[in-house]
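Trainee: Please show me the entry, and then we can go through it by question and answer.

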2 protein chains.
Amino acid sequence: MKMSAHGAALDYAGDHKQELLDDLIALLKIPSISTLPEYKEDLEQAGTWIADRLTSLGFEKAGLLPTEGHPVVYGEHLKAGSDAPTILVYGHYDVQPPDPLDEWVTEPFDPQVRDDNIYARGASDMKGQIVASLRAVEAMVHSEGLPVNIKYMLEGEEEIGSPNLSAFILKHAELLASDFCLNCDSMIQDPETPSITYTLRGLTYFELRIRGAKSDLHSGMFGGAIDNPANVLTELIAGMRDKDGRITIPGFYDNVRPLTEAERQEMVSKPDSWWLEQTGAKSLFGDEEYSANERATARPTFDVNGLLSGFTGEGSKTVLPARAMAKISMRLVPDQRPEEIEEKLRAYLTANSPPTVSWELENLSSCLPSISERDSESVRAAIKAFDAVWGKKPVFTRQGGSVPVVGLIQDLLGVESLIMGFGLPDDNLHAPNEKQHLPNLYRGIETYIHFMHEIAKGA
Amino acid sequence: MKMSAHGAALDYAGDHKQELLDDLIALLKIPSISTLPEYKEDLEQAGTWIADRLTSLGFEKAGLLPTEGHPVVYGEHLKAGSDAPTILVYGHYDVQPPDPLDEWVTEPFDPQVRDDNIYARGASDMKGQIVASLRAVEAMVHSEGLPVNIKYMLEGEEEIGSPNLSAFILKHAELLASDFCLNCDSMIQDPETPSITYTLRGLTYFELRIRGAKSDLHSGMFGGAIDNPANVLTELIAGMRDKDGRITIPGFYDNVRPLTEAERQEMVSKPDSWWLEQTGAKSLFGDEEYSANERATARPTFDVNGLLSGFTGEGSKTVLPARAMAKISMRLVPDQRPEEIEEKLRAYLTANSPPTVSWELENLSSCLPSISERDSESVRAAIKAFDAVWGKKPVFTRQGGSVPVVGLIQDLLGVESLIMGFGLPDDNLHAPNEKQHLPNLYRGIETYIHFMHEIAKGA
């Protein structure tokens, strides 16, 4: 590899591993939690940290562009000339809340290296990927120069469903014009198995609120005569899936595109033991017509993400609660659409909620599922880049998560996304003890360098 | 009434209404919340306030007697002589937590009088009743003297299920020896309808905890392959009652003593409109074989008192929670027993919980249902006392709530309880804006004075 045209960039990357760690620790220390309003200034601080780094790498217009919510980090490096391809690099600098706090081995915003991993909220999702891409750019800038034009667009609201991103993209469509998008918010199969994600599940996420009496009641005085919204909530939710995890909202599967036998054959399946080891669950769950891997990536789901009602402190309080709330979400697969699923959910609630209570359903976020082209120029470049670093071709995988921006960028800018990041499936995303495997990042930087050069050559 | 032997006591009570209010406000200001450990000192302060008052009324041995938890207020006034009856006055000086705080019109521990009511946590349950009994004693002490011997036993743990009361009673059985117990923790039907409670429902209260993966997971990565304990919790709870409120835990009704036609005839039923007005519920709920009044007082129930799982803040977090918790309780009627119900609940959970999760059930409190003798000396005295003050005989009512101490005192001291307090069914017990109707307390003081004299005469 050192003999390639970009050997100097690879050498630079190899010589500056400590700086990767320093950068990562600096960025991970900033609690840029977009879900909680009290972290607004931390979001700005994280965005500014990245924008300053872009400036120091010779990017122009580098800074924070406002939205109705948290700002977008933008910066452009267009010195490769108008004949060279232009890549829009997408990522997000916000992170999930760290709770439950008591399950973290070390503090979520005090990054710690143990073995080959760095532990902190956002390490894998996705500050690790942002820093890897910046270090790849730095390696090229400090050696042969960037062979392509690059525009960075890093949002601060991915973890709250990107509520202001489409308005932002529409407003700045000209600025963001590019040949394709490199989406770094992703992972590979395992440290020795590079992979390219070709499908993503969609998502639709709701808060369901049930209201009974005008205020909490004494369960001894009113229990039996007045309905209990917490009981009703459990009944409504229980009615939406069966014991095998099949969703029983009428019509839910109407638009699910069946998996072809060929697709099922080529899917790289993790063994059942992997799922159990990763999660510590007692046993696997779900419709046995499909493998665990298929159920987690290629089939839709219905999950309760939160429950709250009545008295939840220590001890007992004999309250008949006035209200009960659930956060519920469905992962969607092609060709389901969030608005169609919301309609079916509302029809179910209308048909099944008893006259004793009232209900309210709020859609908190939604995004379309997506399937990408598998023989584009960017995919061919990615295959060569992975091969150069790992010595093997990547496998194609479906990803169970949702990356709303992929559909959005396709819709609004008319470009495809190549999804290439270097997290791992066991990184504890959105959970305590989130980590990033550091060797993945070192290889990731090399892969990005190879990739940019393959793109420049026209793969 | 002024012509009776105890006219001076009644006059004294009439002349000191302001002091009732002053006393009540002083006691209500102390947040003696037994559920929450941080209020330990407030409990002690409330107990001391009452003990000091007993001392000033000439009670001996007045003070706080320790238990494993919060202390018991004790004091005895035995100057009526060994031929006079001895009454054990039972009550509790602890209160429920005030949450949800934002639904209170005025602060829960800053008592405020509006119209004829005083609003504060504990106003009706049951500091109002304690203060009324003390004011009745004061009126007699300051006039003709007490015609009976009185022992006060006021616990500080009623709202957490009286975990240390049976040990206390056993230890002090000799000290507590009496002819019967006057339990002031109660209410009358409405301001113009005095009533005597002759049955109480029992209670058994649990925390049910479901555990799935070892930590919270990303619902995109694992949803579909790994079960969700919050979904499982809703399914288990939903399976325990049907849409008419009938409990479907196998065998749950086995030991329910059927209501006789005669009992049903004589039950004073509040109209359906009363239940709707009191609660603001959209419609009534429950098995239509029984009236709302019967369902709330003479039939068992199953209620969810609290739910907690996953992410419950603002916005969305796509978490697949590792744990889910529910507080659930059943009101029991004769001849159900808490330990029998727990056994049936455990059998249900064993049979119905899926292999994907583990569950844990903790019993947080339990008490037996009770039915009292309706033609005892104390009941006859109470009828005469109510008649003297209200000009009408009391009705007999069933109460839907649970007063564990009634069964306990019967078991351990061998004496019956007369339940006589002056709250109202719409006092918002255990809920925001708890209140006490002040005219009820003025009449209550007079009723207690008449009652003590009727007892002294041998009703």
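Trainee: Which residue of β15(B) stands opposite Leu200(B)?
Mentor: This is a predicted model, in which local features need pLDDT of at least 70, side-chain atom pairs count only at pLDDT 80 or more, and totals for chains, interfaces and linings use all residues. Residues are numbered from 1 along each chain as its sequence is written, chains are lettered from A and ligands numbered from 1 in the order in which they are written, and side-chain values use heavy atoms, without hydrogens and water. Strand β8 (residues 195-200) of chain B runs antiparallel to β15(B), and two bridges join them; strands pair if DSSP finds at least two bridges between them. The residue opposite Leu200(B) in β15(B) is Ser370(B).

Trainee: Which strands stand at the edges of that sheet, and why is one side of each left without a neighbour?
Mentor: The open sheet has three strands in the order β15-β8-β16 (chain B), with mixed pairing. The edge strands each have a single partner strand, so one side of each lacks a neighbour in the sheet. They are β15 (370-371) and β16 (395-399) of chain B.

Trainee: How many helices and strands does chain A have?
Mentor: Both are DSSP runs numbered from the N terminus: helices are H or I with at least four residues, strands are E with at least two. By that count, chain A has 14 helices and 18 strands.

Trainee: What is the radius of gyration of chain A?
Mentor: The C-alpha atoms of chain A fill a box of roughly 80 × 50 × 45 Å along the principal axes. The radius is taken over C-alpha atoms, and the globule rule is 2.2 Å times the number of residues to the power 0.38. For 459 residues a compact globule would come near 23 Å, and chain A agrees with that, at 23 Å.

Trainee: How much area do chain A and chain B bury between them?
Mentor: The contact (heavy atoms within 4.5 Å) takes 94 residues from chain A and 94 residues from chain B. In chain A, Met221(A), Leu307(A) and Lys317(A) lose the most area to chain B, together 9% of what that side buries. Buried area is the accessible area (1.4 Å probe) that two parts lose on being put together, summed over both. With 52% of it on carbon and sulfur atoms, the total is about 8,100 Å².

Trainee: How many salt bridges are counted between chain A and chain B?
Mentor: The criterion is a side-chain nitrogen of Lys or Arg within 4 Å of a carboxyl oxygen of Asp or Glu. Glu103(A) and Arg323(B) meet in this way at 2.9 Å, N to O. The count between the two chains is six.

Trainee: Which residue of β11(B) stands opposite Leu308(A)?
Mentor: Strand β11 (residues 303-310) of chain A and strand β11 (residues 303-310) of chain B run antiparallel and are joined by five bridges. Opposite Leu308(A) stands Leu308(B).

Trainee: What is omega for the peptide bond from Asp125(A) to Met126(A)?
Mentor: Most peptide bonds are trans. Met126(A) lies in helix α4 (residues 123-141) of chain A. The bond from Asp125(A) to Met126(A) is cis, with omega near -5 degrees.
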